[in-house]
Amino acid sequence: MVAVTELSNTLKMREQDSRKLIELENEISELRAGIKTLKYILPMIFTVVTIVVSVAGVIVNILM
């Protein structure tokens, strides 16, 4: 009977570990999606900032 209880406890622990692993895999997938999004957004932001700075520089040169 003790062996059955230990086996049952072991199975419960494995189920909990499996759930935790699934949760971690989901979080990793979300992080990867976020990183992919940043890979596209950051260059666009850099480009926009560069254009704004360039336009500001041209305006300053025109006004002087």
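This is a predicted model: local features need pLDDT of at least 70, side-chain atom pairs count only at pLDDT 80 or more; totals for chains, interfaces and linings use all residues.

Trainee: Okay, how many helices and strands does the chain have?
Mentor: The chain has 1 helix and 0 strands. The radius of gyration is 27 Å, well over the 11 Å from the globule rule for 64 residues, so the chain is more spread out than a compact globule.

Trainee: What does the C-alpha trace span along its principal axes?
Mentor: About 90 × 15 × 5 Å.

Trainee: And what share of the residues counts as buried?
Mentor: 0% of the 64 residues. The accessible surface is about 6,200 Å², with 70% of that belonging to carbon and sulfur atoms.

Trainee: Switching to valine 60, where does it lie?
Mentor: Valine 60 is in helix H1, which covers residues 2-63. Valine 60 counts as partly exposed because its relative accessible area is 44%, and that label runs between 20% and 50%.

Trainee: How far is valine 60 from glutamate 25?
Mentor: They're 52 Å apart in space, C-alpha to C-alpha, and 35 residues apart in sequence.

Trainee: What about lysine 36, buried or exposed?
Mentor: Exposed, because its relative accessibility is 54% and the cut-off is over 50%. Lysine 36 also sits in helix H1. From lysine 36 to threonine 47 is 11 residues in sequence and 18 Å C-alpha to C-alpha.

Trainee: Last one: how far apart are the mean positions of the positive and negative charges?
Mentor: 5 Å, with 7 positive and 7 negative charges in the chain.

Technical notes. Residues are numbered from 1 along each chain as its sequence is written. Side-chain values use heavy atoms; hydrogens and water are left out. Helices (H or I, at least four residues) and strands (E, at least two) are DSSP runs, numbered from the N terminus. The radius of gyration is taken over C-alpha atoms; the globule rule is 2.2 Å times the number of residues to the power 0.38. Buried means under 20% relative accessible area, exposed over 50%, partly exposed in between (1.4 Å probe, protein chains only). Accessible areas come from the Shrake-Rupley method with a 1.4 Å probe; for residues, only the protein chains shown count as cover. Lys and Arg count as positive and Asp and Glu as negative; His and the chain ends are not counted. The place of a charge is taken as NZ of Lys, CZ of Arg, CG of Asp or CD of Glu.
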